[in-house]
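Q: Please take a close look at the aromatic rings. Tell me how they pair and what lies around them.

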Amino acid sequence: MGTYENFDEQKQFACRVIADHARSTAFAIADGILPGNEGRSYVLRKIMRRAIYHGREHLGFNEPFFYKVCDFVVDQMKDAYPELETQREFIGKMVRLEEERFGNTLTVGLKELAELISEKQDEMSDGVFDFKELAKLNDTYGVPKDLIRVALEERGFVFSEEDFIKRLDEAHKHIQVNVSEQLTLRESISFKITKAIYLQIAEKVGANQFHGYEMTQLENAKVVALVKDDEEVEELKEGDEGLIVLDQTPFYAEAGGQVGDTGFLTNAETKAKVLDTFAPVQGLILHKSKVEKGLIKVGDTVTATVDTEKRDATRRNHTATHLVHAALKEVVGTHVKQAGSVVAPNYLRFDFTHYQPLNETEIREIEDLVNRHILENHPVNTNVMAIEEAMRTGAVALFGEKYGANVRVLSVGEGVFSKELCGGTHVRATGDIGAFKITSDEAIASGVRRIRAITGFDAFERFREDEKLIEKSLSVLRTQRDQLPTAIEKLQEELKRTRREVEDLKMKIATGAISAGSSNGDEAKDVNGVKVVTKIVEGLDKGGMRHLSDTLLARIKSGVVVLGRAEEDKVSFIVRVSDDLTDKIKAGKIVQEIAPIVGGRGGGKPDMAEGGGTDAAKLNDALQASYGVVEQMLS
């Protein structure tokens, strides 16, 4: 018999869960889905963490193991699915990162659980506990249900396993139902207000003809419908804002990340400014407009003129977005997949799958690669073809996008470097982009990063601004350009040294103010044989408060230290209890009693607790009340 056959039923079940979830995980990550907190990414994270938990809890795997199982999936399935082999390294990295993250999250979750139970101790003693809080911990941090139950039992609050699971599951359902109802309500309202009228107009006037690929100005466009305040109207007067539908238009409606065009609709008597263009339903292009002059009626003909300066800037950023996508694949790795984008006149934003920040070298290589293709001035070609043919040519399609039977394929040059399905507007040749500069790289979700960049005149303006900043810095620091980094480092070191000296001085002042020259704890008040030190402290931050409490507790050796601080109407406390007294006196209980006096709350462990409030005027009252709390605990 093999190892599996020798396992009991629970372990066999754990093995099946791990095998099934490893297969799903490998294929999902190869397809560009990464563990996260929303949508399909959240589903992937939950199945991964369920498998990891089963391995830890039932099979005794204390070290990362799930990434090895996923690698075995690649070994077994790579012949039939070669994309798994291509993405093998990336799959392994992402799974291992999630395993490590889950271990850290579980540790944090258990700490949150302990703090929650401590804060709710009074409620628990009355037999009442909000299981929604426990459900959130289980959902947010992945704290297993059985560990939550064990932690409750350790505090003397015992449930039967059946009752506990039932109540926790009910809390989960309650949370999910509330969220679902809210989403359904919002979607229902949105549909009733917007979709119904748009569908009605689309059915009546038919599909609008878009001529924006060929031109930015179109004469004799006919107004076929008008909407104001979510109702169809026959006219818009001067000063009115509304939606204008034309039978044909050069205005690009927001889609595929590219923002909608702006511009003007004019005739001899009328001028309307187009503020935005969008298409809420297929084939219906709406011009969000404000009538600046005259009157516009259904049946009027107008000249539709796109703001060419903004359109050109947007086209530069859109073509640059395609170059960025290709450059990322070449520099960072083939696992990179687009996860969203925004193409505006003054910037581009590109979201992509990757597991770590771009380093300085990678950013420079991406910029160099994009700018090299700009300088080589490759023609940008667009071809319309059947989607099957487009995919055979190697064109990149975006996961989750909806494509028709025929698609537009955008190729840079011969399409070797970049070829994608795209319905947006683009430059004629890459040289029209002018210049490209990345301005930021940041994480927006687990395994998803965001690049922001600028092109054309915006890039040149950025260069000018940088020059001004450098020149001003050189003037202030009185140094040469090549010595600027050294001068800044020296200034930072001097600032750190000064801050340390200030903090040391604050600590000496605070300690001296409490001891008043004493070093044997005479400043403490005796409460039934226990030394209690209370003090309002000024000039110390949270870290300084903790340091001072350490110092004072060490000085009195056995006793209680209660420190309070007020800053801009906010109050904070720290309470310390020496180890020999924690069986009688609980720091968390002291904070729970005194924090409400200043309109706040707090909690913590028996030896140390923190809290705060908003009524600074009653800080001294709260500190004085701590003597009575200690006396009550000792009685």
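A: Start with one term: a residue is buried when its relative accessible area is under 20%, exposed when it is over 50%, and partly exposed in between (1.4 Å probe, protein chains only). This is a predicted model, so local features need pLDDT of at least 70 and side-chain atom pairs count only at pLDDT 80 or more, while totals for chains, interfaces and linings use all residues. Residues are numbered from 1 along each chain as its sequence is written, and side-chain values use heavy atoms, with hydrogens and water left out.

First, the setting. The protein chain has 635 residues, and 41% of them are buried. Its fold includes 18 helices and 24 strands. Both are DSSP runs, numbered from the N terminus: helices are H or I with at least four residues, strands are E with at least two. A contact means heavy atoms within 4.5 Å. Among contacts between residues at least 6 apart in sequence, 65% join residues at least 24 apart.

Now the rings. A pair of aromatic rings is described by the distance of the centres and the angle of the planes. Here rings of Phe, Tyr and Trp (its six-membered ring) pair if their centres lie within 6.5 Å; planes under 30 degrees apart count as stacked, over 60 as edge-to-face, and the rest as tilted. By this rule there are eight aromatic pairs. One of them joins F90 and Y355, with 5.7 Å from centre to centre. Their planes are 40 degrees apart, and the pair is tilted. F90 belongs to helix α6 (residues 88–119), whereas Y355 sits in the loop between β13 (348–353) and α12 (360–375). The two residues are 265 residues apart, and the pair links distant parts of the chain. Both F90 and Y355 are buried. F350 and F352 also pair: their ring centres are 6.3 Å apart and their planes stand at 20 degrees, so this pair is stacked. F350 is buried, at 0% relative accessible area. F352 is buried too, with a value of 0%. Elsewhere, ring pairs link F61, F65 and F66 into a cluster.

F66 leads on to the packing. In soluble globular proteins, nonpolar side chains tend to be buried together. A nonpolar core is a set of buried Ala, Val, Leu, Ile, Met, Phe, Trp, Tyr and Cys residues joined through side-chain atoms within 4.5 Å. The largest such core has 27 residues, and F66 is listed with I29, I91 and V95 as having the most contacts inside it. Elements giving two or more residues to this core are α2 (9–30), α3, α4 (66–77) and α6. The most come from α2, which gives seven. Another core lies apart from it, with 26 residues, including L348, V370, V412 and A453. Back at F66, set aside neighbours within four places in sequence. F66 then touches I18, H21, A22, T25, M48, A51, I52, V95 and E99.

Helix α3 (residues 39–59) also holds R45. At 8% relative accessibility, R45 is buried. Its side chain makes a polar contact of 3.0 Å with the side chain of E98. Such a contact is a pair of N or O atoms within 3.5 Å; within protein, one must be able to donate a hydrogen and the other to accept it, and residues adjacent in sequence count only if both atoms are side-chain atoms. Not counting residues up to four places away in sequence, R45 touches P35, G36, N37, E98, R101 and S446.

Charges meet rings as well. A charge sits over a ring if NZ of Lys or CZ of Arg is within 6 Å of the ring centre and within 35 degrees of the ring normal. R408 lies over the face of Y213, at 3.4 Å from the ring centre. K525 lies over the face of Y627, at 4.4 Å from the ring centre. S411 is in strand β15 (residues 406–412). At 6% relative accessibility, S411 is buried. Leaving aside neighbours within four places in sequence, S411 is in contact with P379, V380, N381, S418 and K419.
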